[in-house]
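Hi,

Here is the structure I promised to pass on. Have a look first, and my notes follow below.

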Amino acid sequence: RYVTESAGAGVVHPVTADEVADRISELPEKFTHGIEVIQFSPMTHKRNLFPCYGMQWGPSVYLYPIEESLVELYVRPPRPEQVIEAQMYGGQWSQEGELWRLTWTEETISDFYLNNVLIHEIGHINDERNTNFNDRERYANWFAIEYGFRASRGRR
């Protein structure tokens, strides 16, 4: 089931429910049977503060919007893994004085959401053995690389 809420003023959902459904259909069924809801959520305070593009809660995945300009500004420098992850999908980090800018194109942000954010959150749904935060993130990151990045680039 798909639920689409208004993204909010100045922000957009970078992918559609149809695009998400198509991407999910490419995954093996054993990874998709536990998904109950994909929700396109409005901008939140937490998302406004740092790069948080999606979240998993139980059998649901929440996808957050991005700035309409496809340019995100942050007051803290990105962690090395954030730089690498953005670069993998075509996002570009740059520094402007004390601000950090992450710039996407329509194509790169769509790729990032469909093959990283979405797949990472589905990885959380499928992680039945890890219980602590670090192990769950490590598994979801592996899942996103294996079933998102590699699979989307024909390297499987």
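**What I found**

Helix 6 (residues 133-152) holds both arginine 138 and aspartate 135, which sit 3 residues apart, about one turn of the helix. Their side chains meet in a salt bridge, with 2.6 Å from N to O. Arginine 138 counts as exposed, at 54% relative accessibility, while aspartate 135 is partly exposed at 26%. Keep in mind that this is a predicted model.

That pair is one of 7 salt bridges in the structure. Another one joins arginine 79 to glutamate 81, where the closest N and O atoms are 2.6 Å apart. Both ends are partly exposed: arginine 79 has 47% relative accessibility and glutamate 81 has 44%.

Then there is arginine 23 with glutamate 26, a salt bridge at 3.3 Å, N to O. Glutamate 26 is exposed, with a relative accessible area of 58%.

As for charge overall, the chain carries 15 positive and 23 negative side chains, and the centres of these two sets are 7 Å apart.

Now the whole chain. There are 6 helices and 9 strands. The radius of gyration is 15 Å, which agrees with the value near 15 Å for a compact globule of 156 residues. Buried residues make up 47% of the chain. Of the contacts with a separation of 6 or more, 60% are between residues 24 or more positions apart.

Cheers

Terms used
Residues are numbered from 1 along each chain as its sequence is written. This is a predicted model: local features need pLDDT of at least 70, side-chain atom pairs count only at pLDDT 80 or more; totals for chains, interfaces and linings use all residues. Side-chain values use heavy atoms; hydrogens and water are left out. Helices (H or I, at least four residues) and strands (E, at least two) are DSSP runs, numbered from the N terminus. The radius of gyration is taken over C-alpha atoms; the globule rule is 2.2 Å times the number of residues to the power 0.38. Buried means under 20% relative accessible area, exposed over 50%, partly exposed in between (1.4 Å probe, protein chains only). Contact means heavy atoms within 4.5 Å. Lys and Arg count as positive and Asp and Glu as negative; His and the chain ends are not counted. The place of a charge is taken as NZ of Lys, CZ of Arg, CG of Asp or CD of Glu. A salt bridge is a side-chain nitrogen of Lys or Arg within 4 Å of a carboxyl oxygen of Asp or Glu.
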